[in-house]
Amino acid sequence: MPEWTHIGVRSVAAVAILFTMTRILGKKQISQLTFFEYITGIALGELAGFISTDLEAHFMHGVTAMLVWFLIPYTFEFLALKSKKLREWFEGTGTVFIKEGKVLEDNLKKERYTADELLEQLRTKNVFNLADVEFAILESSGDLSVLLKKENQPLTPKHLGVKTAPEQESQAVIIDGNIMDEPLATRGLSREWLQTELEKIGVTLENVFIGQVDTYGQLTVDLYDDMLQVPEPSQKRLLLATLKKCEADLALYGLATDSEQPKRLYERCMLQLENVIEQVTPLLKR
């Protein structure tokens with residue numbers, strides 16, 4: 001067998017072995033590089049390159065070394081699930097950089113962080129003013145977690161005392177001009193409904209790059225033809241307008257009747273509907 005063919009076969013085998021090991025070690029191995037995972041990744045990559053190109057070395061010797069480097073982190077990860085002390089030893093612990101709005105310089109020195117590096121990490125979290133930060137900790141994975149001061153945190157409906165309906169994941173019902181039946185079924189919708197919605201906005205299925213249905217059953221599309229303007233979804237506005245019309249009708253009926261009992265009934269219903277409209281208006285105006 002020619003050398004280049006031999007190298008090719010060994011390389012394919014090394015990639016297959018490395019891929020299998022990474023899959024078994026799990027997503028954590030590629031998403032969070034702790035100290036132990038960092039050296040494991042370097043060692044496995046080096047060994048894979050070694051058994052691919054070093055034709056004088058025995059292939060199985062390299063595979064054995066890879067298996068050892070695979071079994072060690074796999075075993076330690078299993079043991080770390082059972083022991084907090086082992087997790088702290090192998091994965092490390094977080095280091096507090098900012099506490100109660102004050103930078104802990106000694107902790108920065110401990111992690112060999114400069115002030116410039118701290119500010120750079122804060123900017124990656126969209127924090128450009130150090131005075132806005134209440135608490136910041138350098139996680140064992142090397143990521144900086146930041147808690148803003150109360151007055152600098154973005155407002156949420158909870159802060160305003162507004163109740164919101166539960167959100168569901170938007171479903172991609174069209175991709176590359178093809179209808180996705182499973183997401184449609186997840187929303188309890190049909191192909192006929194989708195075709196009707198496309199006709200409402202004057203768009204053909206073939207021209208849709210991505211189409212999504214949100215929590216409220218509204219279809220939004222991104223087209224291949226970027227010059228074509230798509231009208232905004234109107235279901236929410238139509239529903240809000242219908243509710244307000246019902247409120248106005250109840251008020252009109254109350255004024256039109258001379259009987260006291262129906263008048264009070266209309267007024268009570270109008271007040272209840274007014275309360276409902278007040279609650280749903282923030283949702284329907286989005």
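Author: Lys-200 is exposed, its relative accessibility being 59%; the term denotes over 50% relative accessible area, buried denotes under 20%, and partly exposed covers the range in between, with a 1.4 Å probe and protein chains only. The model is a predicted one, in which local features need pLDDT of at least 70 and side-chain atom pairs count only at pLDDT 80 or more, whereas totals for chains, interfaces and linings use all residues. Residues are numbered from 1 along each chain as its sequence is written, and side-chain values use heavy atoms, with hydrogens and water left out.

The partner of Lys-200 is Glu-197, and the two side chains form a salt bridge with an N to O distance of 3.1 Å. Such a bridge is counted when a side-chain nitrogen of Lys or Arg is within 4 Å of a carboxyl oxygen of Asp or Glu. Both residues belong to helix α9, where a spacing of 3 residues separates them by about one helical turn. Helices here are DSSP runs of H or I with at least four residues, strands are runs of E with at least two, and both are numbered from the N terminus. In contrast to exposed Lys-200, Glu-197 is buried, at 8% relative accessible area.

A nonpolar core is a set of buried Ala, Val, Leu, Ile, Met, Phe, Trp, Tyr and Cys residues joined through side-chain atoms within 4.5 Å. The largest core has 13 residues, and among those with the most contacts inside it are Val-173, Leu-194, Leu-198 and Val-221. At least two residues of this core come from each of β5 (171-175), α9 (191-200), β7 (208-213) and β8 (219-223). The greatest contribution, 3 residues, is made by β8. Leu-198 shows how these elements meet: apart from neighbours within four places in sequence, Leu-198 is in contact (heavy atoms within 4.5 Å) with Ile-174, Val-203, Leu-205, Val-208, Leu-219 and Val-221. In soluble globular proteins, nonpolar side chains tend to be buried together.

Arg-264 and Glu-260 form one of them, at 3.9 Å from N to O. These two residues are 4 apart in helix α11 (residues 260-284), again about one helical turn. Arg-264 is partly exposed at 44%, and Glu-260 is likewise partly exposed at 46%.

Another bridge joins Asp-143 to Lys-125, whose closest N and O atoms are 3.3 Å apart. Asp-143 is in the loop between β3 (133-138) and β4 (144-148), and Lys-125 is in the loop between α7 (115-124) and β3, so this pair ties together parts 18 residues apart in sequence. Relative accessible area is 36% for Asp-143, which is partly exposed, and Lys-125 is also partly exposed at 34%.

The loop between α7 and β3 also contains Asn-126. Asn-126 has a positive phi of about 65°, although it is not a glycine, and is exposed at 65% relative accessibility.
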